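Hi! Here is the structure I promised to pass on. Have a look at it first, then read my notes below.

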Amino acid sequence: MHILGQFHVDIAIICNWVTQSPLILSVPFKQWNRMEDERTGWLAHALRGNTVLKELYLASNRIGDIGAARLVEALRGNALRVLNLRYNKVGDKGAALLASALQDSLMTLEELDLEDNKISDEGAGRIADALRSNTAMVVLNLNNNFGIGMEGAKRLAHGLQGNTTLKELHLQHNMIGFEGACRLAEMLRVNTALQKLYLKGSKIRVKGAKLLADALRANTALEVLEIDWGLPMQLQGILDRNRRLKSDALQRRRLIFVWCTQIVGGLPVEIVEMIVRQSVWDHTLLSPELKSFLSRDEREVLAVG
């Protein structure tokens with residue numbers, strides 16, 4: 001891991017470190033070492049073709065939409081998992097460029113941090129559109145983008161209705177309001193992937209919180225919901241139920257994995273894992289022949305007919 005910025009570091013040295021293929025590169029803010037758009041372009045050039053870097057942290061470096069564009073072009077088709085751009089100024093144009101990259105089937109990015117980046121409804125909407133087809137993103141942070149209001153929340157909710165991979169969404173200290181909370185509540189009634197939702201300081205009001213609570217009656221995936229005023233006891237009970245369901249599902253997954261490896265031990269691990277993933281959520285995918293190998297106890301634990 002290379003951590004830069006604790007002292008004055010020339011951009012040429014940073015780019016040279018990139019060529020040494022670090023797994024993690026962090027360039028934290030220092031007044032005399034801000035990347036800004038021009039230097040970000042040099043870094044992007046050094047990143048082209050890099051297939052080793054997994055995490056890139058560029059917080060507080062005055063990176064705007066031009067710098068974001070250069071990063072996007074450099075990162076297409078690489079192995080990056082985490083991109084942290086918090087406290088920059090990528091704006092709606094930069095957010096749109098990042099959204100276009102998220103729609104690329106070769107993009108492997110799992111965590112995108114755009115906290116405090118002067119993004120409004122338009123930028124949030126473009127990211128939301130990308131989430132409709134993206135199958136890699138797990139964590140999205142849009143905290144402290146005060147331009148994101150009801151329309152941005154509406155488009156994010158629409159984008160997440162059919163999304164099956166995003167597990168964590170941060171929307172704290174935005175301007176979502178009651179109408180935005182209504183749309184998010186509708187999303188929670190059908191979304192089966194989101195596990196953590198953060199909405200503190202987003203002006204959803206008590207009425208919005210009640211709508212979210214009602215939506216959770218039909219949701220078995222969400223485990224963490226942070227809103228103002230704390231959680232009503234009834235709502236906390238629903239989240240506790242969902243955590244128990246997840247724990248039970250993990251136990252079932254482990255049992256199925258052991259069972260699969262015993263029965264089809266000659267198959268590659270990737271194939272066994274695919275069988276496990278499918279079987280945990282849809283036991284009808286198990287053929288009668290495979291079911292016949294289960295004992296009565298295993299049938300009861302796995303809830304297989």
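In α4, D92, A95, A96, A99 and L102 meet E122, G123, R126, I127 and A130 of α5, where a contact means heavy atoms within 4.5 Å. By class, these residues of the contact of α4 with α5 are six nonpolar, one polar and three charged. (Ala, Val, Leu, Ile, Met, Phe, Trp, Tyr, Cys and Pro count as nonpolar, Asp, Glu, Lys and Arg as charged, and the others, Gly among them, as polar.) The axes of α4 and α5 are 8 Å apart, at an angle of about 0 degrees, and that makes the two helices roughly parallel.

Helices (H or I, at least four residues) and strands (E, at least two) are DSSP runs, numbered from the N terminus. Axes are lines fitted to C-alpha atoms, for helices over the stretch in contact, with angles from 0 to 180 degrees between N-to-C directions. Angles under 35 degrees count as roughly parallel, over 145 as roughly antiparallel, 65 to 115 as roughly perpendicular and the rest as oblique.

Keep in mind that this is a predicted model, in which local features need pLDDT of at least 70 and side-chain atom pairs count only at pLDDT 80 or more, while totals for chains, interfaces and linings use all residues. Residues are numbered from 1 along each chain as its sequence is written, and side-chain values use heavy atoms, with hydrogens and water left out.

Now the other helix pairs. Helix α5 (residues 121-131) and helix α6 (residues 150-160) have axes that come within 8 Å and cross at roughly 5 degrees, so α5 and α6 are roughly parallel to each other. On the α5 side the contact includes D121, A124 and L131, and on the α6 side it includes E151, R155 and L160. The class count for the contact of α5 with α6 is five nonpolar, three polar and six charged.

How do the axes of α6 and helix α7 (residues 177-190) cross? They come within 8 Å and cross at roughly 5 degrees, which makes α6 roughly parallel to α7. M150, A153, K154, A157 and L160 of α6 make this contact with E179, G180, R183, L184 and M187 of α7. Six of the residues in the contact of α6 with α7 are nonpolar, one is polar and three are charged.

A cavity is a set of points on a 1 Å grid over the protein atoms alone where a 1.4 Å probe fits but cannot get out, and lining residues have an atom within 4 Å of a point. Which residues line the largest cavity? They are V72, L75, L83, L98, A101, L102, M107 and L109. The lining is eight nonpolar residues, with no polar and no charged ones. Its largest share, three residues, comes from α4.

Two backbone angles are worth a look. Most residues other than glycine have a negative phi. S60, not a glycine, has a positive phi of about 55 degrees and sits in the loop between β3 (55-57) and α3. N144 has a positive phi near 55 degrees, and its place is in the loop between β6 and α6.

Finally, confidence. The mean pLDDT (the predictor's confidence in each residue, from 0 to 100) of the chain is 78, and 65% of its residues reach 70 or more. Confidence is lowest in strand β1 (residues 2-3), at a mean of 44, and highest in strand β6 (residues 139-141), at 98. Where pLDDT is low, the predicted coordinates should not be read in detail.

How values were computed
On a 1 Å grid over the protein atoms alone, a cavity is a set of points where a 1.4 Å probe fits but cannot get out, and a pocket is an open set with protein on both sides within 12 Å along at least five of seven lines; lining residues have an atom within 4 Å of a point.
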